[in-house]
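Subject: Structure handover

Hello,

Here is the structure for your files. My notes on salt bridges and helix packing follow below.

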Amino acid sequence: MTTDAMTAALRETTGRYTATAQWLHWVSAALMLVVLVLAWVMESLPNGDASRGTIVMLHKSVGLTILALTAARLVWRAIHPPPPARWAAWESAAATASHWLLYLVLLAMPLSGYLMSAGRGRAIPYFGLFDVPLLTPATDAIWRIGSTVHGVGQWALYALVALHIAAAVWHVAVRRDGTLDRMLPEQTGG
């Protein structure tokens, strides 16, 4: 069987993620970009800058939204397992491991951000609509735990997202096996 025939056969046997899984994936990806830009802007502003408080509030709010979406993704995934992929065993194992690590970091980042705020006794206004309750005492130890996890998690997130994008590029540009199509709405001919 030729490479083109194998690729065509692979495309026919590879299922798509549900529309809900696709939506949760792409909204999460967009919000991760937003929270990253907000973090960079936040860190570049001096403490006395009038807009800093708004940027911090938006960063925390988007982070908590990512936390909620990640929880929803995990519930959805438990109810609707991902479609099987027809890859080599090592590729499937690598994809599974990297996805679960990404979920872990997407939970750890907002939770550690929460600990940083709670450790300083700072309320977390969710888009200015309401305050998220602080459930831990305001202590330096709580803040340090949150800060350490947030700092390590930041670099882990960069690495995992870069790996995820590189794998997508590999499947699109090199393998041409339709893997990206699994996470995109089905295209109808016209």
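A salt bridge here is a side-chain nitrogen of Lys or Arg within 4 Å of a carboxyl oxygen of Asp or Glu. By that rule, a search of the whole structure finds 3 salt bridges.

Some ground rules. This is a predicted model, in which local features need pLDDT of at least 70 and side-chain atom pairs count only at pLDDT 80 or more, while totals for chains, interfaces and linings use all residues. Residues are numbered from 1 along each chain as its sequence is written, and side-chain values use heavy atoms, with hydrogens and water left out.

**Salt bridges**

Start with Glu91 and Arg175. Their closest N and O atoms are 2.5 Å apart. The pair links distant parts of the chain: Glu91 sits in helix 4 and Arg175 in helix 5 (residues 140–175), 84 residues apart. Helices (H or I, at least four residues) and strands (E, at least two) are DSSP runs, numbered from the N terminus.

Glu91 is buried, at 9% relative accessible area. Arg175 is partly exposed, at 26%. The cut-offs: buried is under 20% relative accessible area, exposed is over 50%, and partly exposed is in between (1.4 Å probe, protein chains only).

Arg175 also meets Asp177 in a salt bridge, 3.8 Å from N to O. Asp177 is buried, with 1% relative accessibility. Through shared partners, Glu91, Arg175 and Asp177 form one network of salt bridges.

Next, Asp140 and Arg120. Their closest N and O atoms are 2.8 Å apart. Asp140 is partly exposed at 47% relative accessibility. Arg120 is partly exposed too, at 36%.

**Helix packing**

How do helix 3 and helix 4 pack, and at what angle? Helix 3 (residues 52–79) and helix 4 (residues 89–119) pack at about 145°, with axes 9 Å apart. Axes are lines fitted to C-alpha atoms, for helices over the stretch in contact; angles run from 0 to 180 degrees between N-to-C directions. The crossing is left-handed, meaning that the near helix is turned anticlockwise from the far one by less than a right angle.

Residues of helix 3 in the contact (heavy atoms within 4.5 Å) include Leu64, Leu67 and Arg73. On helix 4, Trp100, Tyr103 and Pro110 are among them. By class, the contact has 10 nonpolar, 4 polar and 3 charged residues. Nonpolar covers Ala, Val, Leu, Ile, Met, Phe, Trp, Tyr, Cys and Pro; charged covers Asp, Glu, Lys and Arg; the others, Gly among them, are polar.

Best regards
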